[in-house]
Amino acid sequence: MNAEGYGEQKNLRRPPPPKAARDFFGEKRLSRGIALPGGDSRQKHRAEARCHGKETSLRASTGNTGREPPILLVKWYDVTKWMLDRIESFPKNQRFVFGQRLADRTLGILELLVEASYTARKADLLAKANRDLEVLRWLVRIATDRKLFTPRQYEHCCMSLNDCGRMLGGWWKQALGKEQPRDAPRETPL
C-alpha cells in the first residue's frame, strides 16, 4: 500500500489489438487484397481457428473450393463495386441511359475475366476484355466531362483502370505466347 492507503495499481490495460488492414472502400482484407464479405465474422473465425491450432486456408474462409482467383479478377471486382456505387448517385436522367452503359461494360469485363480464368484458351476472351476496357475508359472520360464524376473520382477511376489494364495486357501477352506456335503471326496488343 502507498501513503494514501490505496494499493498500487499497475497499468492493467491491454495494448490495443492491431488494426485490420482496410482497403480504399473500408472493407477488411486478407493477404493479396481479397475482400471478405461480412469481414468481421470471417476475420474473427480465422483468428479463433489460429488460436485453437486449426489453421484455415484462404479457400475455406472465402468459400472457394478451387484455386485462388487471379489478382486481376479480385482488383476488377473492386473496380466494379466502386463503379456501381458511383452510378447509383448519377442523376435519374443519366443513370438509365449513360449509367447503364457504364454498368454493362464494367460487368461484361468482369464476366470475361471470370470466364478466362477457368478456360484453357484465354487469348480471345482477354482481347475482348481489353477492347471493352478501352471503351470504358472513354465512357468514364465522357462521364467526367458531363460532371457525373468529380475530378477526384475520375483520378481514382483512371488509376484503377490503368492498373487493371496493365495486368490485363500482361495476361493477354502471356496467353498469346502459350496458345500460338512460335512461327504463327501474332496479334499485337493495343
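A crossing of two helices is left-handed if the near helix is turned anticlockwise from the far one by less than a right angle, and right-handed if clockwise.

The model is predicted: local features need pLDDT of at least 70, side-chain atom pairs count only at pLDDT 80 or more, and totals for chains, interfaces and linings use all residues. Residues are numbered from 1 along each chain as its sequence is written, and side-chain values use heavy atoms, with hydrogens and water left out.

**View 1. The whole chain.** The chain has six helices and zero strands. Helices (H or I, at least four residues) and strands (E, at least two) are DSSP runs, numbered from the N terminus. Along the sequence, the pattern reads α-α-α-α-α-α. Of the 190 residues, 35% are buried; buried means under 20% relative accessible area (1.4 Å probe, protein chains only).

**View 2. Helix 5 against helix 6.** The axes of helix 5 (residues 123-145) and helix 6 come within 9 Å and cross at roughly 165°. Axes are lines fitted to C-alpha atoms, for helices over the stretch in contact, and angles run from 0 to 180 degrees between N-to-C directions. Helix 5 and helix 6 are therefore roughly antiparallel, a term for angles over 145 degrees. Their crossing is left-handed. Contact means heavy atoms within 4.5 Å. Helix 5 contributes residues including Leu126, Leu133 and Val140, and helix 6 contributes residues including Leu161, Gly165 and Trp172. By class, the contact has 16 nonpolar, four polar and three charged residues. Ala, Val, Leu, Ile, Met, Phe, Trp, Tyr, Cys and Pro count as nonpolar, Asp, Glu, Lys and Arg as charged, and the others, Gly among them, as polar.

**View 3. Helix 3 against helix 6.** Helix 3 (residues 71-88) and helix 6 (residues 151-179) have axes that come within 10 Å and cross at roughly 150°. That makes helix 3 roughly antiparallel to helix 6. Helix 3 passes helix 6 in a left-handed crossing. Among the residues in contact are Trp76, Val79 and Met83 of helix 3, with Ser160, Cys164 and Met167 of helix 6. Twelve residues of this contact are nonpolar, three are polar and two are charged.

**View 4. Ser117 and its surroundings.** Ser117 lies in helix 4 (residues 92-117). Its relative accessible area is 3%, so Ser117 is buried. Leaving aside neighbours within four places in sequence, Ser117 is in contact with Arg67, Pro70, Leu73, Lys122 and Trp171.

Methods. Angles under 35 degrees count as roughly parallel, over 145 as roughly antiparallel, 65 to 115 as roughly perpendicular and the rest as oblique. Buried means under 20% relative accessible area, exposed over 50%, partly exposed in between (1.4 Å probe, protein chains only).
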